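Please look over the structure below before reading on.

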Amino acid sequence: MSVLGIDFGSDACVIGQAGGMGAGLGRGGIDIILNDNSKRRTPSIVSFQDEERFIGEHAEPYVRSNAKNTPSMMKSLLGRNYSDPEVQEEMKKLPFKLVPLENDHIGISVNYGGETRVLTPEHITAILLRHCCSLAQKSSKHSGNSDVVISVPPFWNDSQRRAMYHASQIAGVRCLRLLNENVATALDYGIFRNLKGEFSDKPVYILFVDMGYTATHATVAAFTSSKVKILSCAYDRHLGSRACDEVIANFIAEGFIAKYHSDPRQNTRAMAKLLAAAEKTKKTLSPAGVTKAPIYVECLYEDRDFQTELALKDFQDLCAAQKLPERLQSVARRALEEAGLTAKELTACEIVGGGMRVPQMKRALAETLGFDTTQPSMGLSTTLNMDETVARGCALQCAILSPRMRVKPYDIVDRIPYAVRLVSRVNGKESQTDLYKKGDEFPAYRRVTFHTRSPIQLQLVYSEDSLQLLMPGTRPQIAKIAIDMSQKETAKEEEKEGAKEEEKAGKESAESEKKMEEEKEAAGSASAKPEEKKEPPKPTFKYEALPVTNEFTGLLPSQLQATEEEEKKMQQKDAEIQARNRAKNDLESYIYNMRDKVTSSYQAYILESDREVFLNDLDSTENWLYDDEGYYAKREVFEERLSKLQKIGEPVATRFREAQERPDAVSKLSERLETVERLLNTPNEKYEHITTEDRKPVFDLVAESRSWLSDMLNKQSMKNMTEDPVLLVADLRDRLNNVNALFDKVMSKPKPAPKKTETPKSPKSPKEGEETPKTPKSPKAEKEEAGAEGETPKSPKSPKAEKEKSMEVESDEGKMEVE
């Protein structure tokens, strides 16, 4: 299971993976996942071709050739209504068809499986999210569902965020949180600097300006030790690098119109070529020192090529005519005003996003903040990766939330972008409560208590001021909640009736027990001590689940379930098509490979007649493969054809392989047999404990292996090269392994443990001032000493002698008693 952060962009996705504490380059850091084309950015497009789906980098070639069935720009459609003015304006730029669905939802019409299918933006987004997770699984070789944090723009409303969460459910990924893009950037900026001790209790103010493909937002963040707090966020939902591309595309189109008197913008394919050429020109003019860029578009429109050039000054004038730099300056100024700061109080201004590479955009921002434009990057900070910082921040947040990772604590305080109000209807009265105000800290929780037994109706809505800030067409209602207390009261009444019946049934026995207790209390009341006053018991609260019905924006539960089932069927179809394509590729590669080898390296190992038959089979199979029958054949047919060819080709390949590997295998076995026999016969102190009987099984196996090898070599020498071998390399390797195993088993016999010998303890030497203890004398020495003095001392009786005093001993003469 992977821990991922996905920067889901309008034009491309970037995937960051938390490395954790395992081995590898990503240990403790964040890695950016490469796609199948070894690129770090995966296009956010999906193309439908007949029964196949091409996702991400695989769908990029179909943007021009099959634009009507290649949906893109899902970020601009998620959670929106079909009738929204901005959606209607976006439809004019999209090459595929949008249709209205139930509840004014958006549908995307594509041709899939030979029929017209209508998919939701949530479904297309789910396809992209699953593709991103599969790329991460290939890279890390992990299986199972991934823990994911997905980035969203800070100005998105609840409907758009819920749509992204529904997309993650359809994709089958475990979305731990939807993280604002500006918060992800601030997290990536601050968490590693905090570990280096660059922050203290004094706030450090940083301005982040992110100009993406379709939108721009500026954020002021305050960094302190182990904490980041978002102070303000201003945005422009329509200012992005696409606006710069459209300026250049219009410049090219106007030049084409002036020359050929026809507008290429009317054609979908020509418009795609215009935007691709415009993006290339923008990137050419972005580096410092470049003053002009050549433009060449092949077959732009009506089979006509077009060539021109664009100077940097003209590009700047075109952007100024659309007031793009002024709009960027306005966003930065509003962010500072909301934070209550001036440009001089900022420590740095960090620029993020591909749009901020455009020279006139950087200059406009630097002039607004009063920076020195002669400095590198015009005084703006570029310490973060402009394309990957959001993905890295999301991966860090996922590592913080995931139970699989342990991250040093780092507090993140966001702000509420829109005010939220609670409208409640209780006991026939309606009241309104401001739950969240614009600028309140988040995460934060609110608790509302109602003292009633009647049904409760709740509504979460955006305030009137928030609707002025939200995009046109946003519905004020966020959620609708109904709590029906009547069902709970009915259940309580039924419980009370059952309790009454039980009470009535046991009333007589309870009364008799009560009388007996009263008699006992009366008998012992005279001797009983007065009881102490007890404190009244504390009130206890019982929490019960209430029947609640919820109504949110976005897909209904039934629609969500149907979409999940549809996606599973599509995934199964994709797996079948991939298996079929693999079988087809295996057959095709086998034909080319064997045709070349049969006439070269394999030629000596196949009979001439068999080679001619095999070559004819290869040619006929190749012709069938490229006919209509082979083009539409199923996987089983390809596998059957391959198996038929392998029956002839594999024995030939085996003969060649055995002939190439046999000499080396024979040499290794022979050398090992000699080595083992020499080691067994050579005396070695290390193996002295291994007897001849222990070594005999190894000698026997060596002798038997030599005899077998000699016999098999004679049989093999009588075989032709076109015949199957009798001495196989696998058998030689098995013999070698058996000899090694038996030799190791015998020679690894442990030595017997040496016998332990007891050493007498030496008497301790006396300390200074003490007498030397006398050594006890033997009976013989005492006798000799007594004899010298004329006395015969009695020898002391040992305990053993005392014990044997009354024992009987047998001798040749009979028994006698020992005194």
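1. A crossing of two helices is called left-handed if the near helix is turned anticlockwise from the far one by less than a right angle, and right-handed if clockwise. By this convention helix 19 passes helix 20 in a left-handed crossing. Helices here are DSSP runs of H or I of at least four residues, strands are runs of E of at least two, and both are numbered from the N terminus.

2. This is a predicted model, in which local features need pLDDT of at least 70 and side-chain atom pairs count only at pLDDT 80 or more, while totals for chains, interfaces and linings use all residues. Residues are numbered from 1 along each chain as its sequence is written, and side-chain values use heavy atoms, with hydrogens and water left out.

3. The contact (heavy atoms within 4.5 Å) involves, among others, Leu701, Trp708 and Leu709 in helix 19, and Leu732, Leu742 and Phe743 in helix 20. The residues of this contact divide into 10 nonpolar, 2 polar and 5 charged. Here Ala, Val, Leu, Ile, Met, Phe, Trp, Tyr, Cys and Pro count as nonpolar, Asp, Glu, Lys and Arg as charged, and the others, Gly among them, as polar.

4. Most residues other than glycine have a negative phi, and most peptide bonds are trans. Asp50, in the loop between strand 5 (46-49) and strand 6 (52-55), has a positive phi near 55°. Asp50 is exposed, with a relative accessible area of 63%. Exposed means over 50% relative accessible area, buried under 20%, and partly exposed in between (1.4 Å probe, protein chains only).

5. Met378 also has a positive phi, near 60°. Met378 lies in the loop between helix 10 (359-369) and helix 11 (389-401), and is buried at a relative accessible area of 13%.

6. The peptide bond from Phe442 to Pro443 is cis, with omega near 5°. Pro443 sits in the loop between strand 21 (441-442) and strand 22 (456-462).

7. Asn180 belongs to strand 11 (residues 174-180). Is Asn180 buried or exposed? Asn180 counts as buried, at 8% relative accessibility. Leaving aside residues up to four places away in sequence, Asn180 touches Val152, Pro153, Pro154, Arg161 and Asp414.
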